[in-house]
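Before reading on, please take a moment to look over the sequence and the structure together.

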Amino acid sequence: MTDTVPRTGRPALARFVKTRYDKARERQVLLGPETVVTLNPTGADILALCDGQRTVGDIVDELGRRYDRVVDDEVIAFLERLASRRWVVITDE
Amino acid sequence: MESLSIWETPEFEEFA
């Protein structure tokens with residue numbers, strides 16, 4: 001397990017978590033064992049692209065088509081935080 | 001021309 005998420009890494013949701021839309025909070029949330037995690041819209045978009053097929057670079061490119069700008073370091077830091085909680089698994093082969 | 005969303009720093013907040 002590395003501390004930095006490589007751009008060639010392929011992030012995917014861990015098997016024990018799932019996402020759903022929380023109408024009360026009007027936010028996408030991630031459900032894990034004994035935890036509910038609310039995501040802001042940018043975070044939800046990133047997580048939705050974590051399909052285990054796309055690389056981090058692919059995700060940044062796709063976000064670039066949707067947003068006025070994309071801060072690569074913020075995407076990587078976000079994924080690192082999720083990976084450190086084991087909600088996201090990153091493979092790099 | 002499709003309008004682009006405004007980038008915000010991606011964040012999460014964790015809460016039986």
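A residue is called buried here when its relative accessible area is under 20%, exposed when that area is over 50%, and partly exposed in between. In this predicted model, 41% of the 93 residues of chain A count as buried by that cut-off.

Chain A is built from three helices and five strands, and, when these elements are read along the sequence, they follow the pattern β-β-β-β-α-α-α-β. The radius of gyration of chain A is 13 Å, close to the 12 Å that the globule rule gives for 93 residues, so the chain is as compact as a globular protein of that length. Its C-alpha trace spans about 35 × 30 × 20 Å along the principal axes. If one takes the contacts in chain A between residues at least 6 apart in sequence, 56% of them join residues at least 24 apart.

The chain carries 15 positive and 16 negative side chains, with the centres of the two sets lying 7 Å apart.

The interior comes next. In soluble globular proteins, nonpolar side chains tend to be buried together. Here the largest nonpolar core has 26 residues, of which Ile46(A), Leu63(A) and Val75(A) touch the most other members. Among the elements of chain A that each supply at least two residues of this core are β4 (35-39), α1 (41-48), α2 (56-66) and α3 (72-84), and the largest share, five residues, comes from α3(A).

Which residues does Ile46(A) contact, leaving aside its neighbours within four places in sequence? Within chain A, Ile46(A) is in contact with Ile59(A), Leu63(A), Val75(A), Phe78(A) and Leu79(A), and in chain B with Trp7(B) and Pro10(B).

Phe78(A) and Val88(A), which are 10 residues apart in sequence, are 10 Å apart in space from C-alpha to C-alpha.

Helix α2(A) has as its buried residues Val56(A), Gly57(A), Ile59(A), Val60(A), Glu62(A) and Leu63(A), and these pack against β1 (10-13), α1 and α3 of chain A.

In the loop between α1 and α2 of chain A one finds Thr55(A), which is buried, with a relative accessible area of 13%. Not counting residues up to four places away in sequence, Thr55(A) touches Arg7(A), Thr8(A), Gly9(A), Arg10(A) and Pro11(A). Thr55(A) and Asp92(A) are 37 residues apart in sequence, and their C-alpha atoms are 8.6 Å apart in space.

Is Asp72(A) buried or partly exposed? Asp72(A), which lies in helix α3 of chain A, counts as partly exposed because its relative accessibility is 27%. Not counting residues up to four places away in sequence, Asp72(A) touches Arg7(A) and Val60(A). Asp72(A) and Arg7(A) are 65 residues apart in sequence, and 9.5 Å apart in space from C-alpha to C-alpha.

Terms used. Residues numbered from 1 in each chain as written. Chains lettered and ligands numbered in written order. Predicted model: local features only at pLDDT ≥ 70, side-chain atom pairs only at ≥ 80, totals over all residues. Heavy atoms only, no water. Helix = DSSP H or I, 4+ residues; strand = E, 2+ residues; numbered from the N terminus. Rg over C-alpha atoms; globule rule 2.2 N^0.38 Å. Buried < 20%, exposed > 50% of the residue type's maximum accessible area, 1.4 Å probe, protein only. Contact = heavy atoms within 4.5 Å. Lys, Arg positive; Asp, Glu negative; His and termini not counted. Charge placed at Lys NZ, Arg CZ, Asp CG, Glu CD. Core = buried A, V, L, I, M, F, W, Y, C linked by side-chain atoms within 4.5 Å.
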